[in-house]
Amino acid sequence: MGVSGSGKSTLGRALGAALRAPFLDGDDYHIPQARERMRAGHGLTDADRAPWLARLRAELDAQGRVVLACSALKCTYRDALRAPGTRFLYLDVPEPLLATRLRQRPGHYAGADLLPSQLATLETPQQGEHDILTLPVTATTTPAGLLAQALTALKVT
């Protein structure tokens, strides 16, 4: 979980491979209208996100053990995805690094213009959310290093 540009999809693919679990990218479950809204730099509302979260929850129920890359910006969004055994990895990335990353991925619907609304919506993990592990990400964090952090945090060898 995390805002656009935090590395969710990159980590999710690697984590899915390491755990031999299917990888689902939440981006693939947005309807075209939502993608166009985000491409224009407008964040999604709770009403926009509700059916998307329901689609993701249905996929999680159908798949069983799975790795999902999903922004899950608010506690209520995470609640919609929670089930027994669910664990979240929060990719905590400094804003300047996020902006740089978003500028470096032209053509993606979630560009740098979307970052302010993502950060405004983000509710960092709350005290009672014991199923969330925070992974700090810096400019020197490599995908392999982030995967190692994730596996250590999840206590997977």
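The model is predicted, so please read every value here as computed from it. Histidine 42 is partly exposed, whereas aspartate 25 is buried.

**Aspartate 25**
- You will find aspartate 25 in strand S1, which covers residues 23-25.
- Its relative accessibility is 9%, and because buried means under 20%, aspartate 25 counts as buried.
- The side chain of aspartate 25 makes a polar contact of 2.6 Å with the side chain of serine 9.
- That side chain of aspartate 25 also reaches the backbone nitrogen of aspartate 27, at 3.0 Å.
- Leaving aside residues up to four places away in sequence, aspartate 25 touches Ser9, Arg13 and Ala69.

**Histidine 42**
- Histidine 42 sits in the loop that links helix H2 (32-39) and helix H3 (46-63).
- With 44% relative accessibility, histidine 42 falls in the partly exposed class.
- Not counting residues up to four places away in sequence, histidine 42 touches Arg37 and Leu114.
- Proline 94 is 52 residues from histidine 42 in sequence, and their C-alpha atoms are 21 Å apart in space.

**Strands S3 and S4**
- Strand S3 (residues 88-92) is largely enclosed by the rest of the structure, because 4 of its 5 residues are buried.
- S3 runs parallel to strand S4 (residues 132-136), and 5 bridges join the two.
- Within this pairing, leucine 91 stands opposite leucine 135 in S4.

Methods. Residues are numbered from 1 along each chain as its sequence is written. This is a predicted model: local features need pLDDT of at least 70, side-chain atom pairs count only at pLDDT 80 or more; totals for chains, interfaces and linings use all residues. Side-chain values use heavy atoms; hydrogens and water are left out. Buried means under 20% relative accessible area, exposed over 50%, partly exposed in between (1.4 Å probe, protein chains only). Contact means heavy atoms within 4.5 Å. A polar contact is a pair of N or O atoms within 3.5 Å; within protein, one must be able to donate a hydrogen and the other to accept it, and residues adjacent in sequence count only if both atoms are side-chain atoms. Two strands pair if DSSP finds at least two bridges between them.
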